[in-house]
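Have the sequence and the 3D view open side by side.

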Amino acid sequence: MHLHSMSDASPPMLRESAAGIDVDALVTAHGRDVFRAAFRVSGDGAQAEDIQQTVFIRLLEKPPRQAVDNWKSYLCAMAIRAAIDELRRSQRWQRLT
């Protein structure tokens with residue numbers, strides 16, 4: 001699923017919950033950058049897409065409390081942290097099996 005289809009299908013109440021943030025515009029403007037940031041860490045396209053979606057879902061669920069000066073940097077940092085978290089989960093799982 002691509003983010004554009006995800007955001008188009010989002011109920012209006014989710015978009016409004018982002019404290020006035022136009023998430024659709026952020027997806028359009030920075031979605032590719034978020035994907036690239038996640039891909040640089042994970043090296044996996046499917047996983048990078050999942051992380052990309054996770055970033056924007058988290059933004060809808062919990063918008064930043066303060067004004068964001070640079071959305072690209074903010075969103076890419078979220079993607080990098082999420083990708084690192086996913087790598088750590090994967091490594092822990094591999095050690096257990």
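Which side chain does the side chain of D33 join in a polar contact? The partner is R36, and the contact is 3.0 Å. Keep in mind that this is a predicted model.

Stay with D33. The residue sits in helix α3. Leaving aside residues up to four places away in sequence, D33 touches K72 and C76. Both of these residues belong to the α5 side of the contact between α3 and α5.

Now look at that helix pair. Two packed helices are described by the angle between their axes and the distance between the axes. For α3 and α5, the axes come within 8 Å and cross at roughly 35°. The crossing is right-handed. From α3, the contact is made by L26, H30, D33, V34, A37, A38 and V41. From α5, it is made by W71, K72, L75, C76, A79, I80, A83, I84 and L87. By type, the residues of this contact divide into 13 nonpolar, one polar and two charged. An α-helix has 3.6 residues a turn, so residues three or four places apart point the same way. Keep that rule in mind when reading the two lists.

Next, follow α5 along its length. Helix α5 covers residues 71-96, which is 26 residues. At 1.5 Å a residue it should span 38 Å. Its end C-alpha atoms are 38 Å apart, so the model agrees with the expectation. At the start of α5, a side-chain oxygen of N70 reaches to within 3.2 Å of the backbone nitrogen of K72. The buried residues of α5 are L75, C76, M78, A79, A82 and A83. They pack against α3 (23-42) and α4 (45-61).

That brings in α4. Helix α4 has 17 residues. From first C-alpha to last it reaches 24 Å, close to the 24 Å expected at 1.5 Å a residue. At its start, a side-chain oxygen of D44 reaches to within 3.1 Å of the backbone nitrogen of A46. Its buried residues are A48, I51, Q52, Q53, V55, F56, L59 and L60.

I21 is found in the loop between α2 (12-16) and α3. At 14% relative accessibility, I21 counts as buried. I21 and L59 are 38 residues apart in sequence, but their C-alpha atoms are 9.0 Å apart in space.

Technical notes: Residues are numbered from 1 along each chain as its sequence is written. This is a predicted model: local features need pLDDT of at least 70, side-chain atom pairs count only at pLDDT 80 or more; totals for chains, interfaces and linings use all residues. Side-chain values use heavy atoms; hydrogens and water are left out. Helices (H or I, at least four residues) and strands (E, at least two) are DSSP runs, numbered from the N terminus. The expected span of a helix is 1.5 Å times one less than its number of residues. Buried means under 20% relative accessible area, exposed over 50%, partly exposed in between (1.4 Å probe, protein chains only). Contact means heavy atoms within 4.5 Å. A polar contact is a pair of N or O atoms within 3.5 Å; within protein, one must be able to donate a hydrogen and the other to accept it, and residues adjacent in sequence count only if both atoms are side-chain atoms. Axes are lines fitted to C-alpha atoms, for helices over the stretch in contact, and angles run from 0 to 180 degrees between N-to-C directions. A crossing is left-handed if the near helix is turned anticlockwise from the far one by less than a right angle, and right-handed if clockwise. Ala, Val, Leu, Ile, Met, Phe, Trp, Tyr, Cys and Pro count as nonpolar, Asp, Glu, Lys and Arg as charged, and the others, Gly among them, as polar.
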